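This report covers helix packing, nonpolar cores, backbone geometry and model confidence. The sequence and structure come first.

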Amino acid sequence: MNIQELYKLYQQHPCITTDSRESPANSIFLALKGASFNGNQFVVKALGQGCAYAIADDPETVEETLASLPAEEQQQLDGRIIYVADCLQTYKDLAREHRRQFPIPVIGITGTNGKTTTKELIRAVLAEKYNVLATEGNFNNDVGVPKTLFRLNSSHEIAIIEMGASHPGDIKTLAETAEPTCGLITNVGKAHLQGFGSFKGVCQTKGELYKFLASREESVIFINADNEHLVSMLPDTAWVSPYSSNPQNAEGCVCGEVVACDPFLRFRWRESGIDLEERSAQPEWYEVSTHLIGAYNIDNMLAAITVGLQFAVAPSAICHALESYQPTNNRSQLTVTEHNHLIVDAYNANPTSMEAALLNFRDMQVEPKMAIIGEMRELGESSREEHGHIVRLLKQCHFQQVWLVGDAYAPIKCHYRKFHDVNEVKAAIAQEQPQGSYILIKGSNGTRLFELPSLL
């Protein structure tokens, strides 16, 4: 079967499952492979549990499982198995075919830091006017993006697709799957260096979204005009809609500025001044009080505002959405407990986001300050250098207490307390019971620092 024929089969059985433990009646099982599993081993099980068809790419493995069945049952099941060259590629191709059934705007979002927060802010803004489909959780890879696209239905008016990457070519593949009509890169920084090889590799991979959009007619790129790396990556043919928090870049941009960060971000913004000559007055300033920690979040806010204006969401509705947004998933959250104030940013960490979090915490007008800092993963040969940079930055911040978590900090000379893992931190908390502090908790997800807030 070609993709069009497979898609017709999908239309008759509009549910694709990749987990044999979830095999709804009349669905299609698609046998994906991973580092430690082979979905082809579960084709027979999925068909026996209710799937109407199965798509497989390893005939030998499937035949081995069929061999244990009676000949008549083998023949019956064999007629419901469709073989393809590569199940993952077929999954992406089918998802693209499904996406093409809906002529709606699709916003692609990638970036080293802030892409999930920005996605959620854009979703909140657009939801003031539209029925929005958006990536849930961390479904932003070559399995998650198709899964999201298959959720599209005729009720949706706009879609937001988050795209993650850890290797060159990842964003190109995801863009070709989702076929966004507009998009943005939040920023580029030092993350997944083990996969990308260098910061240049990060830029080239993230820039694949720009290249895709620039190749499509009437596509729009939303861009932070203050970010020199992003500006330098723009193709000459790109149609851009810029935003800025720098007064020197304000002309033609949605612009904003931080009013306060005590500790929540409060900022003001106004629409682009590009048509000022046709107006009798300057654009109106709108002030927004958010529930996000960190002045660096103004870029995420301005991105959401710019997207909202592009899709004709009223400024008052944009402000309402941004003021109502509550962060979740351990991203830029302030948690007030019986004993402490916690700034929880423990979902992930890389050198760029770690530096931003530390500088923001340093500038907060609160005392005393304690930082529990986890190691940063997937940095490859740059790991020691980058962890050393973070320790030097911590010394400049003069926090009252610093705890370093993870073996990446072990060889770095400093007077800070070091812990092998989160369990050692838990034991220290139980014994010492820190109280009355503002505590920043920041580290890669694998360090499991997200287990600490309930203990503090």
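In this predicted model, Ile3, Gln4, Leu6, Tyr7 and Tyr10 of α1 are in contact with Thr90, Asp93, Leu94, Glu97 and His98 of α5, contact being heavy atoms within 4.5 Å. Helix α1 covers residues 3-12 and helix α5 residues 87-99; their axes lie 10 Å apart at an angle of about 70°. The two helices are therefore roughly perpendicular to each other, a label for angles of 65 to 115 degrees. The residues of this contact comprise five nonpolar, three polar and two charged. Helices are DSSP runs of H or I with at least four residues, and strands are runs of E with at least two.

Residues are numbered from 1 along each chain as its sequence is written. Local features need pLDDT of at least 70, side-chain atom pairs count only at pLDDT 80 or more, totals for chains, interfaces and linings use all residues, and side-chain values use heavy atoms, without hydrogens and water.

A nonpolar core is a set of buried Ala, Val, Leu, Ile, Met, Phe, Trp, Tyr and Cys residues joined through side-chain atoms within 4.5 Å; buried means under 20% relative accessible area, with a 1.4 Å probe and protein chains only. The largest such core has 60 residues, of which Ile16, Val43, Ile55 and Leu94 touch the most other members. Helix α10 (residues 199-214) gives the most to this core, seven residues. Beyond four places in sequence, the contacts of Ile16 are Tyr10, Ile28, Leu30, Tyr91, Leu94 and Phe150. Another core of 38 residues lies apart from the largest one and includes Ile107, Val220, Tyr286 and Ile305.

| Residue | Phi | Loop |
|---|---|---|
| Glu218 | about 65° | between α10 and β9 (220-224) |

Glu218 is exposed (over 50% relative accessible area), at 70%. Elsewhere, the peptide bond joining Glu367 and Pro368 is cis, with omega about -15°. Pro368 sits in the loop between α14 (351-363) and β16 (369-374).

Cys261 belongs to strand β11 (residues 254-261). Leaving out residues up to four places away in sequence, Cys261 touches Gly294, Ala295 and Asn360. Its C-alpha atom is 25 Å from that of Ser444, 183 residues away along the chain.

The predictor's confidence in each residue is pLDDT, from 0 to 100. Its mean for the protein is 89, and 95% of residues reach 70 or more. Over residues 274-280 pLDDT stays under 50, and the model has five contacts beyond four places in sequence for them.

How values were computed: Axes fitted to C-alpha atoms, helices over the stretch in contact; angles between N-to-C directions. Parallel < 35°, antiparallel > 145°, perpendicular 65-115°, else oblique. Nonpolar A, V, L, I, M, F, W, Y, C, P; charged D, E, K, R; others polar.
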